Every structure is written in structure tokens, then in C-alpha cells.
Amino acid sequence: MTSPMIDIQNISKSFDHKTVLSGVNLSVEKGQSLVIIGGSGSGKSVTLKCVLGLLRPDSGSILVCGEDITKIGIGNRKRVLKKIGMLFQGAALFDSIPVWENVAFGLIQGLGLKKADAKEIAIEKLRRVGLSPDVGELSPSELSGGMQKRVGLARAIASEPEIIFFDEPTTGLDPIMADVINDLIVECVQDLGATTLTITHDMASARKIADRIAMLYHGKIIWEGDKADIDRSGNDYVEQFIHGSAHGPIQMDLLKT
Amino acid sequence: MKNPLAIIGRIILSALAELGKLSSFAFHVLSHSVRPPIYWRLIGQQMWLIGYNSLPVVGMTALFTGAALAQQIFTGGSRFNAESVVPGVVVIAIVRELGPVLGGLMVAGRVSSAMAAELGTMRVTEQIDALVTLSTDPFKYLIVPRVFAAVVTLPLLVLVANVLGVFGGFLIGTERLGLNAGSYIQVTIDFLQAVDVYSSMVKAGVFGFFIALMGSYHGYYSSGGAQGVGKATTNAVVSAFIAILITNLIITVIVFGGVNG
Ligand SMILES: Nc1ncnc2c1ncn2[C@@H]1O[C@H](COP(=O)(O)OP(=O)(O)OP(=O)(O)O)[C@@H](O)[C@H]1O
Ligand SMILES: [Mg+2]
């Protein structure tokens with residue numbers, strides 16, 4: 001039995017007096033694709049930021065490739081981060097540099113490649129996500145949302161990481177572009193044999209990308225299972241979420257916020 | 001209302017907490033600026049942005065202030081038949097105080113706000129998080145180049161401001177007040193001491209540090225979307241102004257407080 005690539009053990013996180021995560025346990029095996037679903041504000045992005053070491057959980061530990069990301073020093077953290085690619089919710093492209101340099105950024109700054117070599121790889125990765133080399137010369141602000149997402153994907157896969165995180169890869173895109181992105185994600189992940197962790201509230205996307213699905217609700221994982229089992233989870237919360245119904249055990253806290 | 005002492009106490013405590021956070025940020029910047037990698041290209045780019053773009057406003061402020069100053073000293077001095085002090089007072093006032101302070105404030109208005117807005121936007125659009133995931137230290141990549149560039153560029157700008165300020169006085173003095181051009185220049189040179197120039201440059205460097213520090217600090221820690229970025233921008237300018245005015249007084253007292261000159 002090999003140990004999982006990502007092992008989240010009982011993490012909790014609060015901001016001021018607001019508890020966001022209370023005892024989350026999750027693990028992702030090598031080469032597997034786990035999708036976390038959950039409503040807006042359920043703590044999906046916070047979970048991901050904890051795994052990346054951008055936020056420090058109040059308690060619990062997170063093992064990435066066997067190293068506890070919550071305890072290691074800055075040098076070791078860098079080494080772990082080199083194995084990770086990330087697609088941000090809003091793409092988070094650097095708008096001060098052209099598209100190709102965005103894609104090549106990790107190769108130049110992180111891995112120390114020469115600019116010319118990195119550019120070649122960047123253009124290849126742009127082609128991989130269906131963008132022509134001319135797009136590489138544009139500034140990110142000249143791109144549509146769907147193109148930005150694709151550039152973000154190209155940047156995430158540029159250094160051929162072992163682990164890739166996707167934060168809401170399809171949010172804000174039309175259904176067809178969303179499907180294009182889903183297909184790209186599946187293809188890229190297969191190419192690399194990468195382990196992935198995706199968070200989304202788009203069920204179509206989850207069904208396409210996932211091997212396993214977990215649902216986050218009120219700071220806890222309330223259901224976890226194979227993709228095939230999601231329609232017979234027997235869990236009222238999951239049922240309500242996948243059918244997008246306003247009626248059920250999940251009550252939106254409309255007045256509290 | 002509540003006990004006023006409790007309110008004052010709370011204000012002081014939160015001010016101290018903010019000051020502590022700022023100091024640790026400044027320490028972080030300094031400790032990062034001596035360890036590689038150092039991004040020379042970004043430093044050059046920032047120097048260009050800070051220096052070249054600030055040149056018109058800084059130069060104009062100095063030129064007009066120097067001119068107005070010469071007129072005032074002439075008018076005031078004529079009551080004691082002391083019109084001849086115009087060149088000396090202008091050069092001292094400009095180089096010791098007005099050049100660095102006005103230059104610093106002008107650049108702070110432009111640059112601190114621009115840095116806070118840029119870094120704040122990068123924060124709220126997760127670009128700073130993205131840097132970290134691409135194995136790049138945001139302190140080294142974003143903040144150190146800004147601080148370094150400002151510390152180097154401000155003295156250059158203030159040098160220009162000093163020259164133009166004196167030149168503004170010279171123009172009014174010779175063209176309007178009828179002072180002799182040759183003796184104006186001679187008196188200016190005689191009055192100016194090395195310590196005036198040194199202190200001017202030191203002030204400029206220190207002001208540059210605070211301009212970039214306040215812009216970076218407020219931008220880096222901004223939160224809460226567009227509104228948060230707006231608040232960070234204002235806070236950056238106000239705190240840079242305060243830092244410039246206070247450190248200016250401190251340096252003036254240290255350098256000139258003990259001597260008669
Ligand atoms: N830096 C922060 N400071 C304070 N509160 C935060 C911070 N980051 C997140 N939160 C809070 O944590 C909660 C969970 O946020 P999170 O971004 O994880 O939601 P999410 O599940 O990703 O939602 P969405 O699907 O809308 O992206 C929110 O209520 C948010 O207000
Ligand atoms: Mg989110």
C-alpha cells in the first residue's frame with residue numbers, strides 16, 4: 001500500500017471568530033482525481049490554500065508527497081511547490097507581462113530555464129490548450145475569460161507538475177467553453193499522469209473530471225465516494241446539491257451574512 | 001458614551017499593533033534585499049517608472065517654489081535693506097528643506113498610491129498567491145525592487161529639484177528683481193556647504209524608502225475587493241506623508257540642531 005500523494009488530516013481553520021473548517025479529512029492517491037463540491041462559502045478555496053501553504057490551518061496536518069506542508073521551512077516548501085501546478089479561480093494571470101511569459105514564469109523563475117527555451121515550451125503549452133502562438137504576445141487583459149482560463153491551465157501544466165489543483169475551472173464560462181476546459185483538463189492530466197484536486201460547484205464539470213467526489217458542508221466532509229456512486233449516495237445533502245434544489249436540509253444562510 | 005480613557009487606550013493599542021506589523025514588514029524587506037535572487041531588470045523598470053514619470057511634477061514644483069521664495073525673501077529683506085541675502089536664503093531653504101520635502105511629497109502622492117493600487121489589485125486577484133505557487137517569493141519579486149528603486153531614484157530626483165529650485169530663484173532674482181547674475185551665482189556657491197547637499201541626499205533616500213514601504217505595505221495587505229484597494233491607496237499616501245514629515249524633522253534636528261550655520 002503506497003501512501004497517498006495528498007493527505008489532509010483533521011484540519012481546522014477559523015478567521016477571527018468565524019469557523020470555516022472544522023476537522024476536514026481527505027486523501028488523494030497518486031494519479032487520482034478528487035473533486036470537492038460544496039456551496040459558495042463552504043470553505044473550498046480555504047482548504048486548497050491550506051494545502052498550498054498560503055494559509056496555515058489552526059490545527060491538523062497536511063502531507064504532500066509525505067512532507068507536512070504546515071511544518072516545513074521555506075526552503076523545503078519551495079521544493080514541494082515545484083511539484084505543484086495551480087489554476088486559480090480568476091486565472092490570476094500577471095497583467096504586467098505578456099501571455100507567453102505568464103506560461104513560462106515557473107520555468108524561468110522557479111526552475112531557472114533560459115528565456116528562449118522557456119518560450120518554446122510556453123508556446124507548445126499554449127498550443128496544447130488550443131491557443132495560437134500569436135496569443136502569446138498579447139497582454140492577459142486583452143483576452144476573454146475563457147482564453148484567460150486556458151492560459152491559466154497552460155501555466156499550471158507548464159512545468160509538468162506531479163500534482164495540479166483546479167479552483168473552479170469552469171465558473172463564469174458558457175457551457176460549451178466549460179466543456180472545452182473540462183476536456184482539456186482531462187487530457188492534460190492524462191498526458192502527465194498527474195494527481196489532481198479540483199474544487200467546484202459545477203456538477204457537470206465534477207462528473208467529467210472526477211475519479212472520486214467529496215462534499216464539503218459547514219466545515220466538514222459529509223460524503224465521499226466514487227464518481228459512479230454520487231447518484232445513489234443516500235445522503236440528503238448531496239441529493240439536494242446535485243439536483244440544485246432550494247428545498248432540503250441545506251438552508252442558505254441568507255439573513256446571517 | 002463609554003469611558004473615554006478606554007477608547008483612547010484602544011486607539012493607542014491598535015496603532016501600536018499596526019506599527020509592529022509595519023516594522024516586521026520593513027525588517028522582512030531589508031532582510032530579503034541582501035539575499036539572492038535580486039531582480040535587476042525589475043529594479044531598473046521601477047527606477048524608470050518612479051524617476052522618469054515623476055520628473056515633470058517634481059521639477060515644476062521646485063522651479064515655481066524657488067521663484068516664489070526669491071520674491072518673498074526680496075520683499076521681506078528690503079525692509080532691512082538686505083536684498084542681497086536672496087541667493088543665500090534660497091539655496092539653503094531649497095537644498096536643506098524644500099527640495100527633499102516637496103520632492104518627497106510629490107513622489108509619494110504619485111508613487112505610493114500607484115504601488116498600493118497595483119499590489120492591492122494583485123492581492124485581490126490572487127496574483128500574489130499565484131507567484132508563491134510558481135516558486136517565486138513575492139517579497140523579492142515585487143517589494144524589494146520597488147523599495148530599492150525608490151531609495152536610489154529619490155536622491156536623483158531631489159538633486160534635479162534642488163537645481164531647478166535654485167534656478168527658479170535665479171530667474172526671478174535676475175530678471176525681475178534686478179540682481180546681478182554673476183554675483184547671484186557667486187553668493188549661491190559661497191553659501192552652499194557640503195553638509196547641505198549630503199543631508200539633502202540622505203533625506204531623499206530615507207523618503208524614498210518610506211514612499212515604497214508604505215505603498216507596498218498597504219497594497220500587500222489589502223483585502224476586500226475594489227473598495228479595499230481604494231482604502232489601501234489612500235492609507236499609503238497619508239502614511240507616506242506622515243513618515244516623510246516626521247523623519248524630515250528628525251534628520252534636520254540631528255544634522256543642523258547643534259551648529260550655527
Ligand atoms: N482571508 C480571509 N479572511 C477572512 N475570512 C475569509 C478569508 N478567506 C476566506 N474567508 C471566509 O471563509 C469562508 C469560506 O471561503 P472560501 O473562499 O473557502 O469559499 P468557497 O467554498 O471557495 O466559495 P466559492 O465557491 O464562492 O468560491 C467565507 O465565508 C469567507 O468569508
Ligand atoms: Mg472559492
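This is a predicted model: local features need pLDDT of at least 70, side-chain atom pairs count only at pLDDT 80 or more; totals for chains, interfaces and linings use all residues.
Figure 1. The buried residues of the helix itself, which spans residues 236-243, are A:Val238, A:Gln240, A:Phe241 and A:Ile242. At the start of H8(A), the backbone nitrogen of A:Tyr237 has a side-chain oxygen of A:Asn235 within 2.8 Å. After the helix comes A:Gly244, which has a positive phi, near 60 degrees.

**Figure 2. A buried threonine, A:Thr198, and its contacts.** A:Thr198 belongs to strand E8 (residues 195-200) of chain A. Its relative accessibility is 0%, and A:Thr198 therefore counts as buried. When neighbours within four places in sequence are left aside, the residues in contact with A:Thr198 are A:Leu34, A:Val35, A:Ile36, A:Phe166, A:Pro169 and A:Ile209.

**Figure 3. Ligand 1 and the residues around it.** There are 14 residues around ligand 1, and those that come nearest are A:Lys18, A:Gly41, A:Lys44, A:Ser45 and A:Glu168. Several polar atoms can be picked out in this view. An oxygen atom of ligand 1 has a polar side-chain atom of A:Lys44 at 2.8 Å, and a polar backbone atom of A:Gly41 is likewise found 2.8 Å from an oxygen atom of the ligand. For A:Ser40, a polar side-chain atom is placed 3.1 Å from an oxygen atom of ligand 1.

Figure 4. A:Ser45 sits in helix H1 (residues 44-52) of chain A, whereas A:Gln89 is in the loop between strand E6 (84-87) and helix H3 (99-110) of chain A, so the pair ties together parts that are 44 residues apart in sequence. A:Ser45 is partly exposed, its relative accessible area being 22%, and A:Gln89 also counts as partly exposed, at 31% relative accessibility.

**Figure 5. The salt bridge between A:Glu67 and A:Arg79.** A:Glu67 and A:Arg79 form a salt bridge in which the closest N and O atoms are 3.2 Å apart. This pair links distant parts of the chain, 12 residues apart, with A:Glu67 in strand E5 (residues 67-68) and A:Arg79 in helix H2 (residues 74-81) of chain A. A:Glu67 is buried, with a relative accessible area of 19%, while A:Arg79 is partly exposed, with a relative accessible area of 41%.

**Figure 6. The salt bridge between A:Arg128 and A:Glu187.** A salt bridge brings together the side chains of A:Arg128 and A:Glu187, at 3.2 Å from N to O. The two residues are 59 residues apart and link distant parts of the chain, A:Arg128 lying in helix H4 (residues 115-128) and A:Glu187 in helix H6 (residues 175-192) of chain A. Both partners are partly exposed: the relative accessible area is 25% for A:Arg128 and 35% for A:Glu187.

Figure 7. The side chains of A:Asp229 and A:Arg232 meet in a salt bridge, with 3.0 Å from N to O. A:Asp229 counts as partly exposed at 26% relative accessibility, whereas A:Arg232 is exposed, with a relative accessible area of 62%. Elsewhere, salt bridges that share partners join A:Lys49, B:Arg123, B:Glu126 and B:Asp129 into one network. Over all chains, the count of salt bridges comes to 20.

Figure 8. B:Gly59 has its place in helix H2 (residues 40-77) of chain B and is buried, with a relative accessible area of 7%. Although B:Gly59 and B:Leu164 are 105 residues apart in sequence, their C-alpha atoms are 6.3 Å apart in space. Chain B has a mean pLDDT of 90, and 98% of its residues reach 70 or more. Within this chain, confidence is highest in helix H7 (residues 194-220), at 95, and lowest in helix H1 (residues 4-33), at a mean of 86. The model scores are ipTM 0.87 and pTM 0.86.

Notes:
Residues are numbered from 1 along each chain as its sequence is written. Chains are lettered from A and ligands numbered from 1 in the order in which they are written. Side-chain values use heavy atoms; hydrogens and water are left out. Buried means under 20% relative accessible area, exposed over 50%, partly exposed in between (1.4 Å probe, protein chains only). Helices (H or I, at least four residues) and strands (E, at least two) are DSSP runs, numbered from the N terminus. A polar contact is a pair of N or O atoms within 3.5 Å; within protein, one must be able to donate a hydrogen and the other to accept it, and residues adjacent in sequence count only if both atoms are side-chain atoms. A salt bridge is a side-chain nitrogen of Lys or Arg within 4 Å of a carboxyl oxygen of Asp or Glu. pLDDT is the predictor's confidence in each residue, from 0 to 100. A residue is near a molecule or strand if one of its heavy atoms lies within 4 Å of it. Contact means heavy atoms within 4.5 Å.
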